[in-house]
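Work through the exercises below with the sequence and the structure side by side, and try each task before you read its solution.

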Amino acid sequence: MIAQVIAANPRRRRLAQRIAFTLLTISTLSAFLALGAILYTMLANGASALSWEFLSQFPRKMMTEGGIYPALVGSFYLTAGAVIVALPFAMASAIWLSEYSRGGLWVRVIRVGVNSLAGVPSIVFGLLGLAFFVKVLGFGVSVLSGALTLALLILPILIRASEEALQAVPMNFREGALALGASKWHAVRTVVLPSAIPGILTGLVLGVSRAIGETAPIMFTAAAFYMTRLPEALSDKVMALPYHIFVMATESPNYWRTRDLQFGAALVLLGMVLVMNLGAVTWRARVRRRKQW
Amino acid sequence: MRRRQQEARLGFLEGAPLDLRPTRATGVRGVATRIKERWDRPVFFGVSSISLVALGLILFFIFREAAPVLGEIGLANFFSARWSPTGSPPSYGALPMLTGSAMVTLAALLVSIPLGFGAAAFIAEVAPRWMKDVAKSVLELLAGVPSVVYGFFGLMIVAPALQAGLGLATGRTALTAAVILGIMALPTIASLAEDALTAVPDSYREASMALGATRWQTIRDVTFPAAFSGLIGASILGMGRAVGETMAVLMVAGNAPQITASLLKPVRTLTGTIALEMAETPFGSSHYHALFGLGVILLVIALITNGLAEWFRGRLARKHGR
């Protein structure tokens with residue numbers, strides 16, 4: 001390799017570097033371009049459909065007019081339910097991994113479990129939800145089944161984010177609390193957890209944005225094509241925004257007449273998810289800069 | 001000296017009232033208090049197994065519901081080339097979906113691996129600080145776009161464009177799915193590859209530059225080879241994600257269960273078939289079990305790719321002493 005380096009003509013080497021760096025820049029720009037194209041398409045075609053009525057009304061006339069209100073509310077129910085179920089387990093799991101575990105086989109086994117769970121395709125979560133929550137536990141196709149399925153899906157995301165946040169808290173915070181005579185749990189509760197809250201919240205927002213956009217896990221566990229009222233109980237079916245976009249674009253008999261409504265719904269979903277992600281990412285960066293422990 | 005410092009530090013405790021002293025150390029509290037104070041470790045230990053419980057549930061139920069594939073359907077039928085669950089006799093051949101998934105995924109990786117590695121090299125080795133942060137945020141946002149939005153974008157924009165551009169009968173083809181999947185896998189591959197490149201110690205780069213290599217020669221001949229196993233891990237994980245992707249592929253792949261070598265024809269994937277047919281399938285029918293059979297294939301692929309990716313990434317970490 002040294003011979004190569006020396007042998008090469010300096011001008012050619014510089015040219016090669018310039019070409020290569022240009023290609024690397026283009027690869028990076030392709031990601032910008034993809035995001036820009038998606039965002040632009042949705043804004044250009046969907047903005048005209050947006051209005052207060054679009055957000056606050058039920059679909060009308062075989063879903064060819066009206067709004068997405070029940071789908072929005074349904075997505076909110078499903079996501080909130082998933083978070084309420086998953087968050088306590090995820091926090092406890094993260095607290096054990098970060099604060100109590102002393103390494104060893106069990107920790108490795110759990111990490112493998114968390115990573116594997118994160119890699120399971122979302123449609124397989126849907127199958128589990130159907131076989132277990134809908135059938136075996138008898139919850140039926142309902143808000144409850146859908147929320148539980150989504151809870152399993154976001155569990156690994158929440159565990160990883162919370163653990164990372166806890167581990168970012170400096171060791172001397174814990175030592176200080178223990179030196180004052182606090183028990184382990186007292187130290188975790190009053191010192192470590194409060195310091196980790198921003199990081200945990202960031203992870204929570206990312207988990208919510210993932211849950212709100214998922215379609216495959218709720219297709220056979222919760223989602224309804226069309227409903228004339230909001231769900232009134234946990235055992236009711238529910239409309240959900242991503243599923244609504246899917247059926248409007250592919251399965252609805254009038255799909256060519258509702259182009260604007262479809263773009264509008266996709267814009268609303270994309271907007272919510274991107275705002276949450278952007279908020280979480282920038283907030284995390286700010287907290288990291290500010291808190292140089 | 002050290003001893004004296006220690007005594008000086010603890011000296012204030014001498015003669016202090018008992019309950020000011022650290023309770024664990026002196027052990028003056030009763031058994032009841034001790035139980036009250038020590039519930040935490042076993043409880044957190046128990047709850048920490050929740051992800052294993054979830055994984056166990058998935059394995060158990062997917063395999064249990066797929067078991068009749070071995071009996072009432074038969075492996076010969078399941079791995080045949082014809083998928084026609086409503087035909088008479090019904091045929092549950094998974095081969096068209098296996099080839100469909102493989103084709104779409106491999107074609108997608110042809111897009112996303114070069115772009116992903118390029119973006120990773122740019123972020124890790126070339127870009128100035130501020131550019132790095134912006135590019136990483138963009139990747140994160142791209143990863144956050146819901147798959148139904150990708151599918152919708154593919155259906156409305158990419159499919160018509162390809163149909164017009166290539167003069168096809170339909171825009172919903174394996175190629176369309178591959179393009180969309182390629183964009184979707186890009187952020188996964190790019191950010192993991194960037195991790196791998198960042199894990200290579202700076203001393204490697206410094207040594208290479210000291211020998212007179214340019215930055216590009218250093219990236220090509222030193223950093224990339226040193227990060228090789230991490231890059232492989234990133235690609236495998238990207239592949240696993242692409243195989244398991246459902247909604248986007250369902251919306252743009254065309255969903256014709258056929259075995260074809262042409263990227264310009266509609267194909268059907270494993271995930272697409274489950275999504276398409278499960279809702280209308282009677283519970284407990286052969287068709288239902290066959291769809292869970294497809295789920296088993298997906299689950300096994302996911303677990304294997306995940307395990308392999310972890311192993312490759314771990315190898316990189318071990319090599320560079322992290």
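The model is predicted, so local features need pLDDT of at least 70 and side-chain atom pairs count only at pLDDT 80 or more, while totals for chains, interfaces and linings use all residues. Residues are numbered from 1 along each chain as its sequence is written, and chains are lettered from A and ligands numbered from 1 in the order in which they are written.

**Exercise 1.** Find the domains into which chain A is divided.

Solution. Start with the bounds, which come from an automatic or database domain assignment: domain 1 covers 2-49 and domain 2 covers 52-290. Next, take the centres over C-alpha atoms, which are 34 Å apart.

**Exercise 2.** How many residues does each chain give to the contact between chain B and chain A?

Solution. Apply the contact rule, that C-beta atoms, placed from the backbone, lie within 7 Å; chain B then gives 75 residues and chain A gives 74. On the side of chain B, the most comes from helix H5 (residues 50-66), with 10 residues, where a helix is a DSSP run (H or I, at least four residues), numbered from the N terminus.

How values were computed: Contact = placed C-beta atoms within 7 Å. Helix = DSSP H or I, 4+ residues; strand = E, 2+ residues; numbered from the N terminus.
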